[in-house]
Amino acid sequence: MKAVFLALGTLGLQAEPPAVPPPIPATTPGGLPCDAKDHQPLLLGPTTAKEILAHRAVFRDTVAGIQLPAELTARWKAVRRPLTLVAVFGSWCGDSQYQLPDLLALEAEPSSFIEVHYLGVYRDKLLTEAQWPKGCAPQPVVRVPTFYLFATQPGGGQKLVGTVVENPPRAGERMAEALVELVETAAKD
């Protein structure tokens, strides 16, 4: 038996330890880190709608094809309670590439009461406390995209009042509809 293990070891056929996810790889010539899996640049930490649209063509192309109903954008702009919407996404993630453009399209019609923040994460989905918007308590991120809605409290603090995780809650619903319903519900409380 020892001879068999010795022979397998000599041939390099011994069991390998489980793979450990690699650290975030080197950066691109533009300074962005690259994803170890698809070798594409990553957006990590706080970013903007403009940076997301410039980052990968899939975001630009998807937003360009979105035609939000005027009634939906009117409801978005009609919210009159100060809210902070934090979108945690992965620029590498197919669900983020599909769902995030609805928020980007909504934000093209800005609401003076809804402050939108975008936080890009790596595959480990970790964010530091400092990356979260001021006053918003860091939240655990299990899936991306996740949209966290905070309501401004008396004194300026933020309280988590709702989330949409990965996909709209109802089958056939667009993310834009789910987000508008989320902010409307919070605005009524």
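What share of the 189 residues in the protein chain do buried residues make up? Against that background, please look closely at strand 4: which strands pair with strand 4, and in which sense?

A: The model discussed here is a predicted one. Of the 189 residues in the protein chain, 41% are buried. The chain contains 6 helices and 5 strands, and their order along the sequence is α-β-α-α-α-β-α-β-β-β-α. Among contacts in the chain with a separation of 6 or more, 60% are between residues 24 or more positions apart.

Strand 4 comprises residues 146–152. Of its 7 residues, 6 are buried, and a residue counts as buried when its relative accessible area is under 20%. Strand 4 is therefore largely enclosed by the rest of the structure.

The pairing of strand 4 may be described one partner at a time. One partner is strand 2, which covers residues 83–89. The two strands run in the antiparallel sense and are joined over 6 bridges. Within this pairing, Y148 of strand 4 has V86 opposite it. The other partner to be described is strand 5, made up of residues 158–165. Here too the sense is antiparallel, and strands 4 and 5 pair over 7 bridges. One of the bridges joins A151 to K159, the latter belonging to strand 5.

R143 and E166 meet through their side chains, with a distance of 3.7 Å from N to O. R143 is in the loop between strand 3 and strand 4, whereas E166 is in the loop between strand 5 and helix 6. The pair is 23 residues apart and links distant parts of the chain. The two residues may also be described by their accessibility: R143 has a relative accessibility of 46% and counts as partly exposed, while E166, at 18%, counts as buried.

R170 lies in the loop between strand 5 and helix 6 and E181 in helix 6, so the pair ties together parts that are 11 residues apart in sequence. Both residues count as partly exposed, R170 at 46% relative accessibility and E181 at 26%.

The crossing of helix 4 past helix 6 is left-handed. From helix 4, the residues L72, R75 and W76 meet A176, E177, V180, E181, V183 and E184 of helix 6. A network of salt bridges also links E71, R75 and E184.

K77 and E109 form a salt bridge in which the closest N and O atoms are 3.4 Å apart. K77 belongs to helix 4 and E109 to the loop between helix 5 and strand 3, and the pair, 32 residues apart, links distant parts of the chain. Both are partly exposed, with relative accessible areas of 36% for K77 and 33% for E109. In total, the model has 9 salt bridges.

Leaving aside residues up to four places away in sequence, T47 touches I52, F89 and Y118. T47 and G120 are 73 residues apart in sequence, yet their C-alpha atoms are 7.0 Å apart in space.

To return to the request, strand 4 pairs in the antiparallel sense with strand 2 and with strand 5, and 6 of its 7 residues are buried.

Notes. Residues numbered from 1 in each chain as written. Predicted model: local features only at pLDDT ≥ 70, side-chain atom pairs only at ≥ 80, totals over all residues. Heavy atoms only, no water. Buried < 20%, exposed > 50% of the residue type's maximum accessible area, 1.4 Å probe, protein only. Helix = DSSP H or I, 4+ residues; strand = E, 2+ residues; numbered from the N terminus. Pairing = 2+ DSSP bridges. Salt bridge = Lys/Arg side-chain N within 4 Å of Asp/Glu carboxyl O. Left-handed = near helix turned anticlockwise from the far one by under 90°. Contact = heavy atoms within 4.5 Å.
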